[in-house]
Amino acid sequence: MSNKKTNRKNKTNLTVTWPSADKYFTIADLMETNKEFIPITLRVRLKNAIDDGTVAEIGTIHGGKGRPKLAFAMNPVTEDVLATARQAEVVLHDKY
C-alpha cells in the first residue's frame, strides 16, 4: 500500500450569482440559480457570506413536517424585502 496523494483540482473559479437585493431567497432558490455548484460548496459560500455580512438570515418558512426552511436577504435588508417576506408568511427573527 503506497501513500500517494491524489492529483485533484480542489479549487475552482466559480462565483456565486446572488439574487437581487429587493427580494428574499432560500437555499433552494440559490441552488436553482447556481446549478454548476455542488450543494455543500454553495452552503459553505452562503455561510461565509453571512459571516462577512453580505447576506443576512431574516427568518424561517414553515412547511409542515420537518425542519423549517431558512430565509435570507442581501444586506442591507430593506423594508420592501421584509414586507414581501411578511406577505409570504415568513416568520421573521425578532431583530426584524
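Which residue forms a salt bridge with Lys35, and how far apart are the closest N and O atoms? The partner is Glu32, with the closest N and O atoms 3.1 Å apart. A salt bridge here is a side-chain nitrogen of Lys or Arg within 4 Å of a carboxyl oxygen of Asp or Glu.

## About the model

This is a predicted model, in which local features need pLDDT of at least 70, side-chain atom pairs count only at pLDDT 80 or more, and totals for chains, interfaces and linings use all residues. Residues are numbered from 1 along each chain as its sequence is written, and side-chain values use heavy atoms, with hydrogens and water left out.

## Overall fold

Let's start with the layout. The protein has 3 helices and 3 strands, and from the N terminus its elements follow the order α-α-β-β-α-β. Helices (H or I, at least four residues) and strands (E, at least two) are DSSP runs, numbered from the N terminus.

Of the 96 residues in the protein, 28% are buried. Buried means under 20% relative accessible area, exposed over 50%, and partly exposed in between (1.4 Å probe, protein chains only). The accessible surface amounts to about 7400 Å², and carbon and sulfur atoms account for 50% of that; the areas come from the Shrake-Rupley method with a 1.4 Å probe, and for residues only the protein chains shown count as cover. Taking contacts (heavy atoms within 4.5 Å) between residues at least 6 apart in sequence, 45% join residues at least 24 apart.

## The salt bridges

The whole structure holds 3 salt bridges. In the Lys35 and Glu32 pair, Lys35 counts as exposed because its relative accessibility is 60%, and Glu32 is exposed too, at 53%.

Lys47 and Asp51 form another, at 2.6 Å from N to O. Both residues sit in helix H2, 4 residues apart, which is about one turn of the helix. Lys47 is partly exposed because its relative accessible area is 48%, while Asp51 counts as exposed at 53% relative accessibility.

Glu79 and Arg86 also meet through their side chains, with 3.3 Å between N and O. Glu79 is exposed, given a relative accessible area of 51%, whereas Arg86, at 41% relative accessibility, counts as partly exposed.

## A look at Ile50

Helix H2 (residues 39–52) also contains Ile50. Is Ile50 buried, partly exposed or exposed? Ile50 counts as partly exposed because its relative accessibility is 30%.

Beyond its neighbours within four places in sequence, Ile50 is in contact with Val55 and Phe72. The C-alpha atoms of Ile50 and Ala73 are 9.9 Å apart, and these two residues are separated by 23 residues along the chain.
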